[in-house]
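Biologist: I would like to learn how to read a model of this kind, feature by feature. Could we go through it together, with the general idea before each case?

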Amino acid sequence: MLTVLLILIPLVTGLLTFGLKGSGPKVLGLISSLASLAVVLGALFQFRAAPDTLHFAVNWIPQLGSQFNVGLDGMGVMLCLLTAIAFLLVFITIFNRTYENQSSFYGLMLLSQAGLVGVFTAYDALLFYVFWELALIPVYFLCSMWGGEKRVPVTFKFFVYTFAGSLLMLVGIIYLYLQSPDRSFSYATFTSLNLPVKEQSWLFWLLFVAFAIKMPIFPFHTWQPDTYEQSPTPVTMILSGVMVKMGLFGVIRWLLPVLPQGAFMWADVVMVLSVIGIIYASCIAIVQTDFKRLIAYSSIAHIGLMCAAIFANNEQSLQGIQVQMFNHGINIIGLWIVVEIIQSRLNVKNMDELGGIAQVAPRLSIFLVIISLANIALPLTNGFVGEFLMFSGLFQYNMWLMGVAGLGIILAAVYTLNMLQKVIFGESNALTATTTDLQNSEVLALSLIVVVILALGVYPKPMLDLVSSTTELVNKVF
Amino acid sequence: MNSLISTALSGVVLMFVGLFVSNRQRIKYFAIALVLVAFVANLLELSTLQGGSQTLFGMLEVSKFGLLFNAVMLGATLLYFLLCGSEFEKVGEHVADYFALIFFILSGIMLASGFSSLLMLFLAIEIISIPQYILAGADKKNLKSNEASLKYFLMGSFSTGILLMGIALIYGASGTFNINELALGTGELHPLTIGGIMLLIFALAFKVSAVPFHFWTPDVYDGSPTVFTAFMATVVKAGGFIAFLRLFHVSFTGGAISQHWLLVLAIIAAATLVLGNLTAVFQQSVKRMLAYSSIAQAGFMLLAVIALNETATQGIILYAAAYSVATIGMFGVLMKVKDYTFEGFNGLARKQPLLALAATIFLFSLAGIPLTAGFFAKYFVLSAVVQQGNLLWLVILAVICAAISVYYYFRVIMAMYFKAGEPEVGVITPAFRTVLIIAIIIVIVLGVYPGVLLQWA
């Protein structure tokens, strides 16, 4: 039941929010995200005590054999936790801002949370597809209504890209469904299909394109930098922190176990694409002057590594990618919070116009440095654990590929440190001298992030334990 | 049977009512009551029907499927009267006649969903068509309306001729009009049969405006009074499809016969999808966009005819319901906006939030976004074709076309929500509001739980 509650809380509060006025939406958003976090923690404890009790199923469309079948495994709990934390952080950060038409803003945010949690918990392919779309629609409106200057065409591109991808996935799902002996969409049926290799090889692309667009990996990434740049920062946090994980999650949950031979056949192709993406995005990140675009490209590079690690398909890389999904989410949300803070005070995104913030806002600078170091996976930060595992997994798969991907670390250090230097060090100018240091709510949000970064960097075992059950499962099928 | 009798009688009664009642409001309410009667009578018959079906004089077959389809059509018409009924009087003086003609069309559709003789098919198609020629030209002083009527009449007559020719050839080959006894697939195939089937495909493709027989559609839809376009593009079109589906699923299957027409129809469907969607992208007026979108949606419904299985028959019911409700609703909104161009919708969300919300949900449904009725409609027809097995290319093409359709549907949403403007909007009564909300609820309920409708099938 906890799983259903996890979807219902944001859904119901989200719908309620549309009717509220004044500061009502803000408060309700905060309450809802706290409640979600509490339920996830409850689910976490229940999962550790009795892993199989979190499933829930009722008939949904009996004519099709589709069920409302939700449940949580280790990876699901981890991603729901990430979602809950992400939304809480976003709501805390923006608590002192006012948005035009506030009730719709918070309502849509909460609805997208419901969609995300649904994606991470669905154990029925049709339900998965419905939630997959449901998560997208609110984001489309959020970006188009509260975004930057070019928001409408940019967001539309994003929408069409992902919608086209997911329709292909739908065809794949229908095909798989029709192959199932008992005409059901359930995860158990799908994973026991054992289709012939020839069918797996083309079905793989029907499903994978949807996931690849969402992640995004090269060459499906062209929507991403524009969208991140044009979206309002709270939405970008959700997009880059949580929503891109939908693609990775989809591959681990629905692609590898269902079409193992297809995935094996195309692993080399996907990995080469991912590695190209890492190098290409890192190089572009180095020459960016726009703060938001820099983080966007850095995200493509990180996701590329994660995607490569999935297809290396050994235990270490799978462990690594799952841990990294969580950590990347936390780190990148941290970076966006800093961007949001700087942007709301100075209203510039161009890093050449910034500088010397360390002198006027020391607390902000310390936070930014720690988060940036975690972003380049320095030991003792959370980023290190995941990247180490992924690289060692990649190494086992193919040394040369790992070597090229490893260049990404160096390049990441180049652009991240370069960014730090431009933004917080150096001489302050007339504009940056006016910066004020952090407010209490911002300190709270950033400290939460830094605590997670350090805690998981020093002692990652709980997280590794949590996802190990999923790793074993996927490994077994593979 | 109930619904056929009651709609035909209602048509006749309404013609006389026009002589004695001059209050147009009253005529409208009377028409609404009559369609409600037909709807309820049909539901009663559906719930009391014994066994699978019963045949009347070898001419009509009353089946559960047909009755369910009738219920959907009558329900859609009810919604149409409620939403658009007050627009009738803006077209011209003879309000009662317009309502009467609509009832005649309905009785034609009731025939189309139950015919078991080719003669009845011909009768059904004609009863559906002739009132439409009149309705298209109802705005007598408008040149475009006259053009639409004449064009439709000339082209329609040709297609009727072709239909009749096809029926004659089939009769010549098999010696019977009864669609259950044709049994064409069993023996050696007569050349006349193939000719007959092709002619029937062309004639019916014309009626449902499939490419390349679609050229009349944009002009007729654009020229006709908008309120009648709404009806022609939805209920009437679905009626054409039910005839198509029934004929091909009953008579032209079994044995090797479907091989002779499946590819032709698949190519027609593919062309309809591609051309309908691509042309809709370039339209500047929402009304014309909806005309091309109706061609594109016809391509999807053709997939159900091609698939030839149980899923397809369920799919066509769901598709007819989803498509009719959403399109009627969209036309309802359109008629409240004075300017039919995309710019005319700019800033509607600020001025009329409910109108914009309703339009958004209808457009979502037309685009096939999950949790709206349109999603499951598309799901069923796609699923039916995948099940059929050999036409996966058509499914992929359809899916790409669905992605293209997002472009023109979302243009309206973008105009309403993300652009500033001062649209001129007609008076919106509380009754209109209520009906709009009901339509929204129908779309969402069918999208969340399609079993509501399918449990009857």
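Biologist: In which helix of chain B is A439(B) found?

Modeller: Before that, please note that this is a predicted model, in which local features need pLDDT of at least 70 and side-chain atom pairs count only at pLDDT 80 or more, whereas totals for chains, interfaces and linings use all residues. Residues are numbered from 1 along each chain as its sequence is written, while chains are lettered from A and ligands numbered from 1 in the order in which they are written. Helices (H or I, at least four residues) and strands (E, at least two) are DSSP runs, numbered from the N terminus, and A439(B) is found in helix α18, residues 430–448, of chain B.

Biologist: Is A439(B) buried or exposed?

Modeller: A residue is buried if 20 or more other C-beta atoms, placed from the backbone, lie within 10 Å of its own, exposed if 12 or fewer, and partly exposed in between. A439(B) counts as buried because it has 23 C-beta neighbours inside 10 Å. Two residues are in contact if their C-beta atoms, placed from the backbone, lie within 7 Å, and, leaving aside neighbours within four places in sequence, A439(B) is in contact with L79(B), V325(B), G329(B) and A358(B).

Biologist: Which residues touch the most other members of the largest nonpolar core?

Modeller: A nonpolar core is a set of buried Ala, Val, Leu, Ile, Met, Phe, Trp, Tyr and Cys residues joined through C-beta atoms within 7 Å. The largest one has 369 residues, and L303(B) and I306(B) touch the most other members. Domain bounds come from an automatic or database domain assignment, and domain 1 (1–258) and domain 2 (262–478) of chain A both give residues to this core, so the core lies between them.

Biologist: How many residues does each domain of chain A give to the contact between them?

Modeller: The centres of the two domains, taken over C-alpha atoms, are separated by 22 Å, and the contact takes 43 residues from domain 1 of chain A and 49 residues from domain 2 of chain A. On the side of domain 1 that touches domain 2, α10(A) gives the most, with twelve residues. For classes, Ala, Val, Leu, Ile, Met, Phe, Trp, Tyr, Cys and Pro count as nonpolar, Asp, Glu, Lys and Arg as charged, and the others, Gly among them, as polar; this side of domain 1 has 27 nonpolar, twelve polar and four charged residues.

Biologist: What does the contact between chain A and chain B take from each chain?

Modeller: That contact takes 21 residues from chain A and 22 residues from chain B. α6(A) gives the most to the side of chain A that touches chain B, with eleven residues, and the residues of this side divide into 18 nonpolar, two polar and one charged.

Biologist: Which backbone values deserve a second look?

Modeller: Most residues other than glycine have a negative phi, and most peptide bonds are trans. Here the peptide bond from F218(A) to P219(A) is cis, with omega near -5°, and P219(A) is in the loop between α8 and α9 of chain A. A cis peptide bond also joins V211(B) and P212(B), with omega about 0°. As for phi, N194(A) has a positive value near 55° although it is a residue other than glycine, and N194(A) is exposed, with 10 other C-beta atoms within 10 Å. L380(A), not a glycine, has a positive phi of about 75° and counts as partly exposed, with 13 C-beta neighbours inside 10 Å.
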